[in-house]
Amino acid sequence: ATADRQKAILMELVPDRPELTDPVLKNIDQDQDAVKAMLLAASKMRGVPPQMLEFVAGLGEVWSAQTLSAYLKTTGKLSEWIDARDVLIVPEGPLSGLGE
């Protein structure tokens with residue numbers, strides 16, 4: 001449901017621009033597939049590791065950033081989306097994660 005809502009927002013903000021929307025839609029679909037695989041694994045493990053929770057919790061922010069970047073391009077602004085998870089590192093410790 002969340003992914004479908006994000007796709008609808010993207011298509012509303014960036015209509016008729018498949019060169020901008022298709023990559024974002026592809027990323028959302030790939031993330032949905034990853035979440036489904038994680039849910040299957042979690043059901044077999046009878047628990048959810050904190051890393052899975054962190055991944056899923058961050059998807060809304062990732063999708064929103066991609067949507068914003070696509071929208072900004074329609075307004076003529078220079079914009080490139082980067083995945084913050086690739087550049088920001090949170091060291092393991094008592095203040096990292098979701099407070100597990």
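Which residues in the largest nonpolar core touch the most other members? Select Leu 10, Val 14, Ile 28, Trp 63 and Ala 70: these five touch the most other members of a 15-residue core. A nonpolar core here is a set of buried Ala, Val, Leu, Ile, Met, Phe, Trp, Tyr and Cys residues joined through side-chain atoms within 4.5 Å. Buried means under 20% relative accessible area, exposed means over 50%, and partly exposed lies in between (1.4 Å probe, protein chains only).

Before moving on, note that this is a predicted model: local features need pLDDT of at least 70, side-chain atom pairs count only at pLDDT 80 or more, and totals for chains, interfaces and linings use all residues. Residues are numbered from 1 along each chain as its sequence is written, and side-chain values use heavy atoms, with hydrogens and water left out.

**Stop 1**

Colour by helix. Helices (H or I, at least four residues) and strands (E, at least two) are DSSP runs, numbered from the N terminus. At least two residues of this core come from each of α1, α2 and α3. The most come from α2, which gives seven.

Now select Ile 28. Beyond its neighbours within four places in sequence, Ile 28 is in contact (heavy atoms within 4.5 Å) with Ala 3, Gln 6, Lys 7 and Trp 63.

Thr 21 has a relative accessible area of 2%, so it counts as buried. Setting aside neighbours within four places in sequence, its contacts are Leu 10, Met 11 and Val 14.

**Stop 2: salt bridges**

A salt bridge is a side-chain nitrogen of Lys or Arg within 4 Å of a carboxyl oxygen of Asp or Glu. By this rule there are three.

Select Lys 7 and Asp 29. Their side chains form a salt bridge, 2.5 Å from N to O. Lys 7 lies in helix α1 and Asp 29 in helix α2, so the pair ties together parts that are 22 residues apart in sequence. Asp 29 is partly exposed, at 33% relative accessible area.

Move to Arg 17 and Glu 19. The closest N and O atoms of this salt bridge are 2.5 Å apart. Arg 17 is partly exposed at 31% relative accessibility. Glu 19 is partly exposed too, with a relative accessible area of 48%.

Finish with Lys 73 and Glu 80, whose side chains meet at 3.6 Å, N to O. Lys 73 is partly exposed, at 30%, whereas Glu 80 is exposed, at 66%.

**Stop 3: the loops**

Where does Asp 16 lie? Look in the loop between α1 (2-13) and α2 (18-45). Asp 16 is not a glycine, yet its phi is positive, about 55°. With a relative accessible area of 73%, Asp 16 is exposed.

Jump to Arg 46, in the loop between α2 and α3. This residue is also not a glycine, and its phi is positive, near 60°. Arg 46 counts as exposed, at 81% relative accessibility.

**Stop 4: a surface patch**

Switch to a surface view. Select Leu 13, Leu 68 and Tyr 71, which make a nonpolar patch of about 260 Å². Patches are made of residues with over 30% relative accessible area and no salt bridge: like charges are joined within 9 Å, nonpolar side chains (Val, Leu, Ile, Met, Phe, Trp, Tyr) within 5 Å. Tyr 71 sits in helix α3 (residues 50-74). Its relative accessibility is 33%, so Tyr 71 counts as partly exposed.

Technical notes
Accessible areas come from the Shrake-Rupley method with a 1.4 Å probe; for residues, only the protein chains shown count as cover.
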